[in-house]
Every structure is written in structure tokens, then in C-alpha cells.
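Colleague: I would like to learn how to read salt bridges in a model, so please take me through them with care.

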Amino acid sequence: MLKRDKLKLPVLWLEKWKHLDPFEHVFQITGEIFRSQPGRQTLRFSENKETYFLKRHTGINSREFFKNIIQLRLPIFGAKNEVEAISALEKFGFVPEIIGYGFRKSRSFIITRELIYTISLEDFCRDFRENPPPLKLKRALIRKVAEISKIIHDNGINHRDFYLCHFLLDITGGREFLDLNNLNLYVIDWHRAHVRKKVPLRWRIKDIAGLYFSAMDIGLTKQDLQYFMKIYQYNHKFFWRQVEKRAMALYCKTREKSHVGT
């Protein structure tokens with residue numbers, strides 16, 4: 001467990017900022033803002049010619065708290081969940097590298113190294129329905145996603161935003177030259193994660209249903225889905241029925257919203 005007041009940063013940074021309050025200085029860092037909402041901001045910044053992502057939490061007010069409760073979403077109080085989830089999974093090699101983190105009263109932050117030369121699976125697979133990829137490539141991606149999903153859940157963690165957009169594929173050598181026997185795939189955005197000894201069934205269902213929902217428009221076949229199920233190794237018919245039911249509900253809800261907006 002992380003202490004309420006704790007700071008971890010690279011030694012070189014601490015030496016450079018020795019006349020400053022390092023925690024407060026992190027909250028003054030500027031960069032390219034990727035997301036900003038009440039209580040949380042994500043930005044990319046550079047330090048010593050390296051690029052990083054900084055996620056700052058400033059706590060949520062009562063209005064945001066009750067808004068989350070009404071929407072049946074557990075509020076995010078700080079960087080604790082993300083730090084603990086990534087730390088628990090870092091040995092498997094599919095999470096961002098934590099560079100630093102800090103906790104002080106209601107404020108906290110986490111800094112990770114930027115994953116360069118990557119593309120989200122949402123973007124990589126976007127035209128798979130119209131332009132089907134080679135079967136070997138599709139199966140290699142399915143196998144890797146299923147293996148990662150199993151590791152996450154078997155280690156007592158559920159993501160809660162488990163969609164293709166949060167899987168980043170390493171394309172350092174180019175999209176056409178992927179090593180299908182050794183794909184490098186990363187999972188990002190762990191701020192909503194739960195970390196326990198064992199993941200309750202309903203949270204497994206929610207994660208896998210979210211993943212399936214996000215892949216519904218990329219041309220997956222029945223055989224593709226069965227291949228995922230085989231690799232994920234959760235042999236309970238009730239589980240997979242609930243996954244499909246929830247995924248379809250999400251899909252229909254999203255389509256209804258898109259039609260309303262047109």
C-alpha cells in the first residue's frame with residue numbers, strides 16, 4: 001500500500017530541482033494537454049530531451065463525487081490505483097514505465113515514459129472489416145490481447161476502461177514488418193483500475209465485454225471469437241453469455257446515441 005504522503009522521482013530530477021519543492025514543481029510543469037477534466041489533467045512534457053506523460057489529480061468536489069455515484073461510476077480520488085496496478089504488472093512488460101509519482105493530502109500525480117512509435121489497436125484495426133488483414137496477423141493480435149487480458153485478471157486487477165483504444169501496438173520497425181511471434185503490445189490508462197487478490201466475476205465480465213464491444217466493427221468472425229476464448233481460458237458458459245449480452249447492450253446504446261446526434 002502507498003503512504004498518504006510519498007514522493008518518488010528520478011535522482012537527476014531531484015538534484016536539478018533541489019532548491020524547489022519537487023512535488024509543487026510537478027504541479028507547475030507545462031506541456032501538451034491531452035485531457036483535462038474536474039480533478040484530473042493529463043499532459044505530455046519533455047525533460048532532459050525525453051518525453052513523458054504526467055497525470056495530475058487535484059481531488060474531486062462534492063458535485064463531481066455525486067455525479068459519479070448517480071452514473072454508477074466509482075469516483076477517481078487520485079493516482080494510487082494507477083501506480084499500484086502498473087507496479088503489480090510491470091514484470092510482464094506490457095505497461096508503461098513509471099518514472100515517478102507523488103501523494104500529498106488530496107493531490108497526487110504519476111509520471112510515465114511516453115511509448116513512442118506505437119499505434120492504438122482501435123486505429124490499427126479500423127479498416128479490417130473493409131480490408132481484411134492476413135489471418136496470421138489477425139490471430140497474432142487476438143492471441144496477444146487474450147494473453148494480456150488473462151494475465152491482468154489472473155493477477156487480481158481489472159482495468160474498467162478495457163477497450164482497443166487503450167492497447168498500443170509497437171510499430172517501431174514499420175506496420176508491414178511486425179514480428180507476429182513476438183508482438184509488443186502495451187495497455188495504458190490505469191487510473192480507474194481495481195487491484196485485489198481476486199477479480200470478482202462481474203468485473204471480469206465488464207472488462208471483456210468492453211473489449212468485445214470495442215472490436216465489434218472490425219470484422220471478427222465466430223472462429224476469431226472462439227480463438228480468443230480458447231486463449232483466455234475461462235470455460236464458463238454463463239460468463240461468455242454475460243459478456244456477449246453486456247457488449248451488445250453497449251453497442252446498441254452507442255448506436256442509438258450516434259443516431260440521435262445525426
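This is a predicted model: local features need pLDDT of at least 70, side-chain atom pairs count only at pLDDT 80 or more; totals for chains, interfaces and linings use all residues.

Modeller: Residues are numbered from 1 along each chain as its sequence is written, and side-chain values use heavy atoms, with hydrogens and water left out.

Colleague: How many salt bridges does the structure hold?

Modeller: A salt bridge is a side-chain nitrogen of Lys or Arg within 4 Å of a carboxyl oxygen of Asp or Glu, and the structure holds 18 of them. One of these pairs Lys-55 with Asp-189, with 3.5 Å between the closest N and O atoms. Because Lys-55 belongs to strand β4 (residues 50-57) and Asp-189 to the loop between β10 (185-187) and β11 (194-195), the pair ties together parts that are 134 residues apart in sequence; strands here are DSSP runs of E, at least two residues long, numbered from the N terminus.

Colleague: Is Lys-55 buried or exposed?

Modeller: With a 1.4 Å probe and protein chains only, buried means under 20% relative accessible area, exposed over 50%, and partly exposed in between. Lys-55, at 6%, is buried, whereas Asp-189, at 25%, counts as partly exposed.

Colleague: Which residue meets Arg-129 in a salt bridge?

Modeller: The side chain of Asp-217 does, at 3.6 Å from N to O. Asp-217 is partly exposed at 42% relative accessible area, and Arg-129 is partly exposed at 43%. Salt bridges with shared partners also join Asp-21, Glu-24, Arg-104 and Arg-107 into one network.

Key: Helices (H or I, at least four residues) and strands (E, at least two) are DSSP runs, numbered from the N terminus.
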